[in-house]
Amino acid sequence: MSPRPSGPEATVGARLAVDVGTVRIGVAVSDPRRTVAVPLGTVARAKDGSDLREIAATAAEREVDDVVVGLPVGLSGREGPAAASVREFTQRLADHLAPLPVLLVDERLTTTSAHQALHAAGRPGRRHRTVVDRTAAAILLQTVLDAEVGGGVGDDPGVRALGEPVPPRDGQADRSDA
């Protein structure tokens, strides 16, 4: 990813982030200058593709330039079954959003950070579930935005994983419900 333009008039375009869980998908968006991430809400996972359609509608409504998806990598750097599931979801999302770029980003500890932030804010543990996914998406997105300031990726292993967009299969957008 190339460095962002600087200066008071610089604009890049908003970025959407999704934190894919087994039950819910957290969604966050940046401002057009990519300085701050804001949690938007959650989308229920669905086998009928309605989750993909809802994310696509949000991306269109917010006029985002790209979408980042958190990849759950273990502390050792290894990928397990959750990462495989997110990779499969990300491929379907890339197919659905084409030609909009969809990028995978290492999300180590974002959910843990979200729980800690909500606890520090005085939100009881039982009530975390309603907001933890969107908070994790915002933390993921803010980490990426902060690391991109000045064009550097710093020491954040997740941002180093920000690479080439996930290409849609066969170069075509798949607008099916699958």
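Valine 86 is buried in this predicted model, with a relative accessible area of 3%, where buried denotes under 20% relative accessible area, exposed over 50% and partly exposed in between, computed with a 1.4 Å probe on protein chains only. The residue belongs to helix α2; helices here are DSSP runs of H or I with at least four residues and strands are runs of E with at least two, numbered from the N terminus. Leaving aside neighbours within four places in sequence, valine 86 is in contact with Val20, Val69, Gly70, Leu71, Pro72 and Leu104, contact meaning heavy atoms within 4.5 Å. The C-alpha atoms of valine 86 and leucine 71 are separated by 6.4 Å, although the two residues are 15 apart along the chain.

The model is predicted, and local features need pLDDT of at least 70, side-chain atom pairs count only at pLDDT 80 or more, whereas totals for chains, interfaces and linings use all residues. Residues are numbered from 1 along each chain as its sequence is written, and side-chain values use heavy atoms, with hydrogens and water left out.

The chain contains 6 helices and 5 strands, and its elements run β-β-β-α-β-α-β-α-α-α-α from the N terminus on. Of its 178 residues, 42% count as buried. Among contacts between residues at least 6 apart in sequence, 65% join residues at least 24 apart.

The 5 strands form an open sheet in the order β3-β2-β1-β4-β5, with mixed pairing; two strands are taken to pair if DSSP finds at least two bridges between them. Strands β3 and β5 are the edges, each pairing on one side only. Neighbouring strands of this sheet are turned by 25° against each other on average, direction ignored. Helix α1 packs on the sheet and touches β1, β2 (24-30) and β3, its direction making about 155° with that of β3. Helix α2 also packs on the sheet, touching β1, β2, β4 and β5, and its direction makes about 170° with that of β4. For these angles, axes are lines fitted to C-alpha atoms, for helices over the stretch in contact, and values run from 0 to 180 degrees between N-to-C directions.

Within the sheet, 6 of the 6 residues of strand β4 (residues 66-71) are buried, so the strand is largely enclosed by the rest of the structure. In a regular strand the side chains alternate between the two faces of the sheet. Both faces of β4 are covered, with Asp66, Val68 and Gly70 buried on one side and Val67, Val69 and Leu71 buried on the other. Strand β1 (residues 15-20) pairs with β4 in the parallel sense over 4 bridges, and valine 18 has valine 69 of β4 as its bridge partner. The pairing of β4 with strand β5 (residues 102-106) is likewise in the parallel sense, over 5 bridges, and leucine 71 stands opposite aspartate 106 in β5.

Two packed helices are described by the angle between their axes and the distance between the axes. The axes of helix α1 (residues 50-61) and helix α2 (residues 81-97) come within 10 Å and cross at roughly 50°. The two helices are therefore oblique to each other, given that angles under 35 degrees count as roughly parallel, over 145 as roughly antiparallel, 65 to 115 as roughly perpendicular and the rest as oblique. The contact is made by Asp51, Leu52, Arg53, Ile55, Ala56 and Ala59 of α1 together with Phe89, Arg92, Leu93, His96 and Leu97 of α2.

Arginine 45 is found in the loop between β3 (37-44) and α1 and is partly exposed, with a relative accessible area of 25%. Not counting residues up to four places away in sequence, arginine 45 touches Val20, Gly21, Thr22, Val23, Arg24, Ile25, Asp51, Phe89 and Arg92. The C-alpha atoms of arginine 45 and isoleucine 25, 20 residues apart along the chain, are separated by 6.5 Å.

Several backbone features were found in other loops. The peptide bond from alanine 98 to proline 99 is cis, with omega near 10°, and proline 99 lies in the loop between α2 and β5. Arginine 34, in the loop between β2 and β3, has a positive phi of about 60° although it is not a glycine, and counts as buried at 5% relative accessibility. Glutamate 63, in the loop between α1 and β4, has a positive phi near 50° and counts as exposed at 63% relative accessibility.
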